[in-house]
Amino acid sequence: MNQYDVVIIGSGPGGYVAAIRCAQLGKKTAIIEKYATLGGTCLNVGCIPSKALLDSSHHYEDAVKHFEAHGIEIPGEINVNLEKMIARKQSVVDQTTKGIQFLMDKNKIDVYEGHGSFKDASHVLVKKHDGSEETLEAKNVIIATGSKPSTLPFIKIDKDRIITSTEALKLTEIPKHMIIIGGGVIGLELGQVYKRLGAEVSVVEYMDRIIPGMDASLSKELLKVLKKQKIKFLLSHQVTAVERKGNEITVKAKDKKGQDVSLTGDYCLVSVGRRPYTDGLNAEVAGIKLDERGRIDVNANLQTSNSSIYAIGDVVKGAMLAHKAEEEGTLVAEIIAGQKPHIDYNLIPGVVYTWPEVAAVGKTEEELKEAGIAYKTGQFPMRALGRSRASMDTDGFVKILADKNTDEVLGVHMIGARCADLITEAVTAMEFRASAEDIARMSHAHPTYAEAVKEAALAATEDRAIHI
């Protein structure tokens, strides 16, 4: 029986980062992955492939709609080769997952392919695909089993026409009309991909706004932009049925007045969130408790009810984000090694990779109002930037929320070109408890999109933005 200091179940961003950090700290480490490739949902059927398709479809849209304005004329018809686009996406995935395997080898981490489950608190069983089994003994175990797409009780996912994000990443045809249930991050990103490629796209959302977890101003601005891109929205609609007849899908819903609404399309993407994945983990034999939502109960150190077993990422409470899982993987590895790391969950940024991109960190205006915290606001539109006009990316704004009395930055919310990258400036500033004036007095290169952050900080500091 092989013995390890740490055994990790799951090789997604949380699991593989935890493994590398454990190895760096001198721990004998093993990682178990039930699929043939490492990287979990994010690298295989999530973050990475969706960004590949977003980029490819963005290039196509630019060629069709924007090149001429730049003086680039392409004679003849510009066509989409979806098969080639999907193949490029897969090559990006393959290259990335092979990179994780390289990192495992480099750090001398043993990789076991098979399904990991507990025999008891210190022994993990690996059921391999050839039917054989192997037991690993572990001083510490990290559960990093991630999540799976959720559905609604009355919807039967057939993975053909009624699909999840996993299937939407490998369609063999461009839908005529894709109906998306859920106006959150995943649905909007994939909806924009297929809208660019020529599909009609309708989004049905139960709440009264899209991306409901983010600041209301971002929801409003993104809705305005996506409507301009001809994506249709049915907000405050409760889906009641999804039916398939041949290749035709009918989605039935009730609007906020209780009136029946019916939509017909050829594909239905069910994008109503994700659920923690603990199937077959056999957690109960290790004394591990789950909460009412199926998440593993953990303390501030991410220890389960058994102090030598930890859980990280989508399988515990908090935002289901790859970078949150990575931070937790690092934290647990360092705790096992006797260090005293910390995570400020308020400073885990959230990003929507539509175009324009949406990003945020810290408190929303709604949260500050609910908490009774006096705050001031500074906002600056992207259209006022020379860089935005040069690239024709003029939608959006940056908004900074600062404490009314101390000027400390409490939240930053942005929508525009490259906001997924710009948000890191806000995270860095807030990690060091910067004031709005601190950011306002930093030199920002000109011309850049980042100047909007400086200008928003100036606006929050005595309302003294320069370029508006």
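This is a predicted model: local features need pLDDT of at least 70, side-chain atom pairs count only at pLDDT 80 or more; totals for chains, interfaces and linings use all residues.
Local features need pLDDT of at least 70, side-chain atom pairs count only at pLDDT 80 or more, and totals for chains, interfaces and linings use all residues. Residues are numbered from 1 along each chain as its sequence is written, and side-chain values use heavy atoms, without hydrogens and water.

Start with the sheet. Strands here are DSSP runs of E, at least two residues, numbered from the N terminus; two of them pair if DSSP finds at least two bridges between them. Seven bridges join β12 to β13 (residues 248-254). R244 stands opposite I249 in β13.

Now turn to the second largest pocket. A pocket is an open set of points on a 1 Å grid over the protein atoms alone, with protein on both sides within 12 Å along at least five of seven lines, and lining residues have an atom within 4 Å of a point. Its volume, the space filled by probe spheres set on the points, is about 840 Å³. The lining has 31 residues, and H58, D62, H66, W355 and D393 are the closest to the pocket's centre. Helices α3 (47-66), α6 (185-196), α7 (216-228) and α10 (386-391) each give two or more residues; a helix is a DSSP run of H or I, at least four residues. α3 provides the largest share, nine residues. By type, the lining divides into nine nonpolar, 10 polar and 12 charged residues.

Technical notes
On a 1 Å grid over the protein atoms alone, a cavity is a set of points where a 1.4 Å probe fits but cannot get out, and a pocket is an open set with protein on both sides within 12 Å along at least five of seven lines; lining residues have an atom within 4 Å of a point. Ala, Val, Leu, Ile, Met, Phe, Trp, Tyr, Cys and Pro count as nonpolar, Asp, Glu, Lys and Arg as charged, and the others, Gly among them, as polar.
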